[in-house]
Amino acid sequence: MEEVNTVLSLFDSTEKWKAYIELANMKQDLVSELKKRLITELRKVAATNLADSGWDFFADDEYYIYIKPKGSLLIGIGIEWGWWDNSTYPWCKRGACLWVDAKNANSRNVFNEIKSCEDSLPLDDYEENIENHGWFPFIKVIPSTIFDVDESTTSVEGCLYRAKDNAAQLANDLWKEVFEPFANKECADKFCEIIKKV
């Protein structure tokens, strides 16, 4: 309660309070704009880096960013913003994932197949997550340094501030950290092979 009273004391005029309310009401629009800036730059990076790689780039300005092997929409590497701020899933804070379409593929079987050949996949930074969520059998925390934030910052809006003035560099750093290790023909073929087996 003391913290609330301290914050309220900052608003010593109706004009300051009104300005705060207006900004608070714009929060979603501001975050959406930062996502759009980042994804615009990621599309450029993907267009350059995915040529002849066996991967396609998919992004929705609000919810997700993925690369998926050409010819298979059942598996991919991605980021889903909606999970970051969900307190029910603390394992997804500032997370990237190996994703499986659990409606159309048996994620447990995919998990087992990946485990049997994980030495040939760049999963060193990923943790097993099959027990928490079948759609994301492997997940990793994206280092805070990518977003130029402290370790405790895990919210989408906190992490995306860097996209305000430096979306291109953020896109490059995020690409290198999350997508680049997988964005080659060998990994694409391996994922397609795994999905065909299950």
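Strands β2 and β3 (residues 75–80) pair in the antiparallel sense over 4 bridges, where pairing takes at least two DSSP bridges between two strands. Strands here are DSSP E runs of at least two residues and helices are H or I runs of at least four, numbered from the N terminus. This is a predicted model, with local features needing pLDDT of at least 70 and side-chain atom pairs pLDDT 80 or more, while totals for chains, interfaces and linings use all residues. Residues count from 1 along each chain as its sequence is written, and side-chain values use heavy atoms, leaving out hydrogens and water.

| Pairing | Bridges | Residues between the strands | Facing residues |
|---|---|---|---|
| β1 (residues 55–60) with β2 | 6 bridges | 3 residues | D60 opposite Y64 |
| β2 with β3 | 4 bridges | 5 residues | I65 opposite I79 |

In the β2 and β3 hairpin, G71 takes a positive phi near 85°. As for β2 itself (residues 64–69), 5 of its 6 residues are buried, so the strand is largely enclosed by the rest of the structure. Buried means under 20% relative accessible area, exposed means over 50%, and partly exposed lies in between (1.4 Å probe, protein chains only).

Now for the helices. M1, V4, L8, W17, Y20 and I21 make a nonpolar surface patch of about 600 Å². Helices α1 (2–8) and α2 (14–25) each supply at least two of the patch residues, and α2 gives the most, with 3. Y20 sits in α2 and is partly exposed, at 39% relative accessible area. Patch members have over 30% relative accessible area and no salt bridge, with nonpolar side chains (Val, Leu, Ile, Met, Phe, Trp, Tyr) joined within 5 Å and like charges within 9 Å. A salt bridge puts a Lys or Arg side-chain nitrogen within 4 Å of an Asp or Glu carboxyl oxygen.

Methods
Accessible areas come from the Shrake-Rupley method with a 1.4 Å probe; for residues, only the protein chains shown count as cover.
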